[in-house]
Amino acid sequence: MANLTKRPSERKEGITARPIVLKGKGERNAMTTKITTVQKEFLIEQEVKGNSKDTLKYYRSSFKQMNRFIAKQELADQFPKGATDEAIVKAGEQMPLGVLLDKDFEVSFKRHLEEQGCNPRTVNTYFRAYRAFAYYCMEEGWIPLRKISIKTSKAPIKQVYSEEELKKLLKKPKTSDFTEYRNWVIVNYMLATGNRLSSIVALNIEDIDLENGYINVNVQKNKKPVTIPLVKQMRRILKEYIALYRNLEENEDLSSTDPLFCNRFGERLTADGLINAIARYNQRREVTKTSIHLFRHTFAKSWILSGGDLFSLQKMLGHSSLEMVRNYANLYSKDIKDKAEEFSFLSNTRRTTGKTLKI
């Protein structure tokens, strides 16, 4: 299937515009076919391509924004006073796909998102979903071919956990409560690897090689499994955790393909379950930040400020290119001032004064 993240002219497969661009598949017409019908077809294709549940969720959320805008754009005077947001979105779903033919659609959609309070990066996030859908419509002959550009926005400064917060979160619990102890292990794991949420919940016991100090991360956003190292301290923590709660020798019913991190019933943690568990864990330790993704940012910042190279960081974080890790380096450049004073050539070179030279 064609790569919908690029404009049609950049894809390997050639695309030929149909003579009558308002005709879609067969005899269907863009002016009479509901936009939600084509959106559902698009989602089915994304699922067939193997895109993750999170990606599909992202598209659905973006379509909701798009359909809300369409309803307000086309039916602004027809909504009764007090109409619910759900009713507005539903009305947008019933509009014909032909609304995308409006030459001002993209400009108006961006303006709508900005008026909703979306920052530039959020606007781009929603707009990328619209662009993927629009290119799909071009592929299928619903609308004419055209280039859709997205202006690059400057990445915001990423929040991270402070040193004081990390001290609270990394303090080993004295209680024998499984959930509290497991959450402590996971917090350590996130700070040791920088793994994404989806990668963590997908880990199996067999993915851990404690003897050689490696872990196989099989679920990645870029769909490319990777083997990354485990630092000695994390190996000790996991060894204790597995011995106490995931011991294969003592539990004959436990398989090496069972989840590494589970709930108190031995079932695999879900993404939402882990999000809620870590939020409660942080709050109990008087840490107001509760985001799991901030552990990833904290890992990246620590790596960069400790002098780690970007190529290794790229592998650890599972990025397909260096672009994102370069963003991390740029974001935290202000934090390397002390290192510049410590390691720069000029700071470490003895210099003579003009008076000495004169003598």
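This is a predicted model: local features need pLDDT of at least 70, side-chain atom pairs count only at pLDDT 80 or more; totals for chains, interfaces and linings use all residues.
Reader: Which residues of H7 and H10 meet?

Author: From H7 come Glu180, Arg182, Asn183, Trp184, Ile186, Val187 and Met190. On the H10 side they meet Leu274, Ala277, Ile278, Tyr281 and Arg284. By class, this contact of H7 with H10 has eight nonpolar residues, one polar and three charged.

Reader: Now the sheet. What is the order of its strands?

Author: The order is E1-E2-E3, in an open sheet of three strands with antiparallel pairing. The edges are strand E1 (208–209) and strand E3 (226–229), each of which pairs on one side only.

Reader: How many bridges join E2 and E3?

Author: Four bridges, in the antiparallel sense, link E3 with strand E2, residues 214–217. To find one of them on screen, pick Tyr214 and look for its bridge partner in E3, Pro229.

Reader: On to pockets. How much space lies in the second largest pocket?

Author: Its volume comes to about 360 Å³. There are 16 lining residues, and those nearest the centre of this pocket are Asn188, Leu191, Ala192, Val231 and Gln233.

Reader: Which helices supply at least two residues each to that lining?

Author: Helix H6 (163–170), helix H7 (178–193), helix H9 (232–245) and helix H11 (293–305). H11 gives the most, four residues.

Reader: What classes of residue make up the lining of the second largest pocket?

Author: The lining holds 12 nonpolar residues and four polar ones, with no charged residues.

Reader: And how many cavities of 30 Å³ or more are there?

Author: The count is two. The second largest cavity has a volume of about 40 Å³. Its lining consists of Phe69, Ile70, Gln73, Glu74, Val99, Asp102 and Phe105. Helix H2, residues 53–74, provides the largest share, with four residues. By class, the lining of this cavity has four nonpolar residues, one polar and two charged.

Note on methods
Residues are numbered from 1 along each chain as its sequence is written. Side-chain values use heavy atoms; hydrogens and water are left out. On a 1 Å grid over the protein atoms alone, a cavity is a set of points where a 1.4 Å probe fits but cannot get out, and a pocket is an open set with protein on both sides within 12 Å along at least five of seven lines; lining residues have an atom within 4 Å of a point. Grid points are joined across faces, edges and corners, and a volume is the space filled by probe spheres set on the points. Ala, Val, Leu, Ile, Met, Phe, Trp, Tyr, Cys and Pro count as nonpolar, Asp, Glu, Lys and Arg as charged, and the others, Gly among them, as polar. Contact means heavy atoms within 4.5 Å. Two strands pair if DSSP finds at least two bridges between them.
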